[in-house]
Amino acid sequence: MSNEVVIEVRNVVKNFGPTRALRGVDMKFYAGQIRGLVGENGSGKSTITSIISGMQKATSGEMFYHGQPWNPSTMVEAQEKGISMVLQEANTIPDCTVAENIFAGQFDEFSKFRIVNMKKVTEAAQKMLDDFGISHIKAADSINKYGFEDRKLIEIVRCVSDDTQVFVVDETTTALSLEGRNILYKLIHKMKDEGKSVIFISHDMDEILEQCTDLTVLRDGEIIGHLDRAEMDAPDAVQRIRYMMVGREIGEAYYREDYDTSHLPEVALELQDITFGPIEHFSLKLHKGEIIGFGGLSGCGMHEIGRAAFGLEKLAGGKVLRNGKEITNCYQAIKEGIGYISKNRDKEALILEAAIGENIVLPSLPALSHATFISPAAEKKMAKKEIDSFRIKCNNGKQWVNTLSGGNKQKVSFGKWTAKGSDVLIMDCPTRGVDIGVKQAMYALIGEMKKQGKAILLISEEMAELIGMADRIIVMKDFKVSGELERSPELSETDMIEYVI
Amino acid sequence: MSTKTNPAEKQNSFLAFLGKHVYDIAAYAGLAVTLILFLIFGGKRLSYNAQTVLQTSAPTIIIALGAVFVYSMGYMDVSVGQQVGVYAILMIMIINAVGGVLGVILGFLAVLALALLCGAFNGAVAVWLKLPSIVTSLFLMFFFTGAQLLLMESTGTNSISVPTSLLRPANRSAYNLVLVLIIVAVTLAVTYFSRFTKLGKYTRGIGANETATAQSGVNTTKWKVIAYMAFGVCVAIGSYVMLMRTGSAGKGTGTGYAMDIMICLILGGMPLSGGMKSKVSSALVGTLTYVLLTNDLTTMGVDLNMINFVKAAIFIVIILITCRKHGGVLPR
Amino acid sequence: MKQFTKSLVALMLVFVMALGCMSVASAEPKHAKIGVAFYQDTGYAVTATKAYLESLSDALNVEFVYAVLTQTDESANLSTIQNLISANVDGIICTMDLGTNSIIEECEMAGVYLAGYLCDYDTSYTQNYDRVFKSEYFLGTATDGQNPDDTTIGTTMFNSLLEYNARAEKPLTHVSMAIFPVWAFPSQMTGAQQFVEAVEEYNKTAETPITVDPLDEEVDVLMFSPMDTTYFAKHPGIEGIISFAAGTSFVYPVMVQAGVDKDIKLFTTGFEGGEENNFGTKGTQTFQQNMVSAVESVTYPLVLILNKINGVDFPDMPEAAERISTSQFCINSDEDLDVFVHSIYYTGNAADAMFTPDQVLNMTAFGNPDATYAGLRDILAHMTIEDIAK
């Protein structure tokens, strides 16, 4: 491994109002290294990379890039100087072509007398896509044609070039399929071999341990420790890293430990022969005290089933029944005690530009309202209860949701329905982007809900989660049920994967 | 690491405070400046000017208060001016036909019913036809423009009137008191519904994120209609208060109210996109600022024809201040 | 002690001198601020009126502020008046009778005098006479053209037509008319009737009788917007249009559009600029008569307001406010036009006004103890085109 320091940060502090995101971090990133950054939500890992890549400025502290002081004012400037970052959120420009997206801001290279030669732009973009191994994306197409995953790949193509010295991958892989991930893995290893520096942020421990050459753990805006490859390969590495991240022993209890798949006899939610879109004649009975898991690839139709169960899809046939009543829209669904945690957290589950408390109490307002009056004290109490029980990291319930880290946002989304006391919960990727400490708490809560007799529909792209939590797993492929698995200690991901692909 | 707050941090939190409250600060600073100018330049007619400000601003304040519900959703309404015109004409016609206090009561009730109907129409049609609210309110605007012209053509005059003594106390102090009482009552009612009931919370939610609000069990169609109907109640009251001033109405009555209300709300710190930062106070602060500004400029001797330019300049400055992006956002 | 007496005497002297100065000052007119609320902010009449008023401001010690009213919104007009009052005016000259009840109430409360100009205040006159015309603070108005009580405009128009026919190679034998709505200008309807009667009288003896199309409700009444293009279809074969309404804005453009401006002659009230190029024997020869209210008529409301402010009234001031007809300049021929272009109306130059500041001061009660109301009316009623200095 080369010992050349590419980026160094010294005593970097970042405050958001009274929230202290970074408390004086010192860190060096070397050439020829894939450095993993792990830590719980809000530990500061994204904050440090966003400062390095010019997305925001540090409150205080110094940075050096190849030994020179480094103070990028924008992401564009950082990228021009060789530091690129791919974000978790979508960052493409809609209504433009793929080529325009790739070369946005760089048209000068293709223009003569200020007239851009779009043909050349498209050709160059297509070459980049081909080199990258994603020839199925056509540079001349509108970006709107492509899904979230493809757009992510286009973003990667856009920000990585031969001149890139530092490449930051910030939780990008959650958006990618296996195939997409493999493309990205190949890219970062190639960059490592070329003596470049890669910073890799992920919540997926397996991924981190497989791909990274070094690992740094952060907690509460401070660096807790570094691990080299040898330490990462140690048998107790996972336990050790988790301990460093959370700051306490997590114990063995992570998923459900019992294998009791019994449930109450009453049906809590029934999908009766429903047909909509590409899904045909799907039926399901969810009982009280039962957890049914839905697994498969992202486009397999399982998310749509969740939406339909909540009354968000217009059915061409069949019906959704709860307590003998037909659910045709989400208002009815909520009235009948159904809660839904959308996969599209920022757009559908949460009002980002509103306080945590306002989000939590929103579904419960009809219950809080007495002769039109809603007591602010009652609202505050309800919000505080959820903030405390989920340990949502915030100053108080008045803080806006858009100031929270991804995992904490997810907790708010969860808290809405626990506050409401919904008896049926449809969870679409509830632990997405959530770190292990919180994940553990959520799993414990889901287990507790089952014991309370609540019915849960758990839709997840993580097989381990489904195997660990569900009484019954329904695997879908191409909008059809491809297999059903019963909960058992012997059940493994290998058993499941054959139905998935 | 030191846990003491260092100056940089202090400055940072001050800037954060500024960033968070930039709307309010700009709005209240505007009101303070216009108020100071008002006191300085009011001169010998200070008390007269104060009464003028009250009488001129009363209808706008009341309608703007109702509009808070609509603007909270990030919607707007351009038909309100013509609505006010038609309502004033209708009230006069009914009062003249029925006569006396009964006529006044019947006239107001008829107008209230019509305003509620228009509110329901504005809200419901926008949702059902999936049209932006401005389109339905444009339709209503044209409809009411036509209605206003037809009604006035039918009278054969340019202006119809009722004695103001039927509408308000003849004594000026009593009239001013009535205006203050109406404003206070409407303000309290709107504040209550905005702060402590579902109506306010849901309309702000719709403005901030309609999908998430709907998926939290809020029947957005229903609440949009309710919000527009609440607006309608205020439009009816505002029309009456406006009629109290002159006792007369004609083809042009109400012209400009829609724009005035939008400008007042923006001056008062209401974000055009609606959402959680929408506040009831913006109706009061904004309208008073706007009316005081006009009065200030006049008493300061600014050419009456220049006043619109000065207003435009001040308006654009406030927009620039409040629309600037501010504050760092914690990534994820 | 001596010192004290001396200073006392000195002080008294100063006091007496000061008193003396004050009494001398009182011979000068009191400083007054007058708001002028126009119906619009452009046009010959407005520009000329402003120039005329400004020329008087030193001699009469008056400061003017201007505002613009709407034609349709009472509430907005009230606000405009309130703003003028806020701006500390002592009197207001107003050109619009809209929302006058509430405006006069406002004036009474603030102690501000109101008088009209280029407006007959007919709505108030017929519907709220006691409230408005008998108010202590409403002083009277100078109508645009003739007030409805002594209309002669129909006869004037007919005379102009005869004058044209006398000199024209091809006399006009078929004409139609255009008026503004009755609620706005009742005198125009009266004028139209007068015109028809005059023609009928003439036809009894004439060799070549003149045909007048009766007023058509639909197209002949102009709602302050250009006339409908169907006008010409409704009046086939006309050779002239007698427009009591402002024809330059609302009739002439439509004639040009329809391509009849060379074939049809236009007789109209008002002069808005540009007519001179096609007047009489010039250009397309469309305009054969224009009738203009003398802007000097604004002297009427101005003098009445200033009298009140200075606390001196005419001995013969009427009990209730009156409305007077303004003098009209009737431009009948090329020669008349040559004279007219030297009027203040056309040039906007106060030096061309019929009255000098001193003459106006002489019309006021405070500037001239012998001045009378009857005298003021008389002077203003007899301004003719011959009076315009060439």
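Modeller: Let us begin with chain B, where residues 24 or more positions apart account for 79% of the contacts with a separation of 6 or more. Please bear in mind that this is a predicted model.

Colleague: What else describes chain B, in helices, strands and buried residues?

Modeller: Chain B contains 14 helices and 2 strands. Of its 332 residues, 53% count as buried.

Colleague: Why is B:Ala189 called partly exposed?

Modeller: B:Ala189 has 16 C-beta neighbours inside 10 Å. A buried residue needs 20 or more and an exposed one has 12 or fewer, so a value in between is called partly exposed. Therefore B:Ala189 counts as partly exposed. This residue belongs to helix H8 (residues 172-196) of chain B.

Colleague: How do you know which chains are in contact?

Modeller: Two residues are in contact if their C-beta atoms lie within 7 Å. There are 2 pairs of chains in contact, and chains A and B share the most contacts. Between these two, 42 residues of chain A touch 28 residues of chain B. On the chain A side, the elements giving two or more residues include strand S1 (5-16), helix H1 (45-52) and helix H16 (406-420) of chain A. The largest share, 4 residues, is that of H11(A). By type, the chain A side comprises 18 nonpolar, 17 polar and 7 charged residues. By contrast, no contact joins chain A and chain C, and their closest C-alpha atoms are 37 Å apart.

Colleague: What makes the length of helix H2 (residues 44-60) of chain C close to the expected one?

Modeller: The expected span is 1.5 Å times one less than the number of residues. H2(C) has 17 residues, for which 24 Å is expected, and it reaches 24 Å from its first C-alpha to its last. After the helix comes C:Asn61, which has a positive phi, near 60°.

Colleague: How do you know where the buried residues of H2(C) lie around its axis?

Modeller: The buried residues include C:Ala45, C:Thr49, C:Tyr52, C:Leu56 and C:Leu60. Viewed down the axis of H2(C), the buried residues fall within an arc of 160°, so they line one face of the helix. They pack against several elements of chain C, among them strand S1 (32-38), strand S2 (62-68) and helix H12 (299-310).

Colleague: What makes a strand of the chain C sheet an edge strand?

Modeller: The sheet is open, with 6 strands in the order S7-S6-S8-S9-S10-S12 (chain C) and mixed pairing. Strand S7 (211-212) and strand S12 (328-331) each have a single partner strand, so one side of each lacks a neighbour in the sheet.

Colleague: How do you know that S9(C) and S10(C) are paired?

Modeller: Pairing requires at least two bridges. Strand S9 (residues 265-269) and strand S10 (residues 287-293) of chain C are joined by 4 bridges and run parallel, and C:Thr269 stands opposite C:Met291 in S10(C).

Colleague: Which way do the residues of strand S6 (residues 83-86) of chain A point?

Modeller: A:Ile83 and A:Met85 point one way from S6(A), A:Ser84 and A:Val86 the other way, and all are buried. S6(A) also pairs with strand S9 (residues 166-170) of chain A, in the parallel sense and over 4 bridges. There, A:Phe167 is the bridge partner of A:Ser84.

Note on methods. Residues are numbered from 1 along each chain as its sequence is written. Chains are lettered from A and ligands numbered from 1 in the order in which they are written. This is a predicted model: local features need pLDDT of at least 70, side-chain atom pairs count only at pLDDT 80 or more; totals for chains, interfaces and linings use all residues. Ala, Val, Leu, Ile, Met, Phe, Trp, Tyr, Cys and Pro count as nonpolar, Asp, Glu, Lys and Arg as charged, and the others, Gly among them, as polar. The arc is that of the directions from the helix axis to the C-beta atoms.
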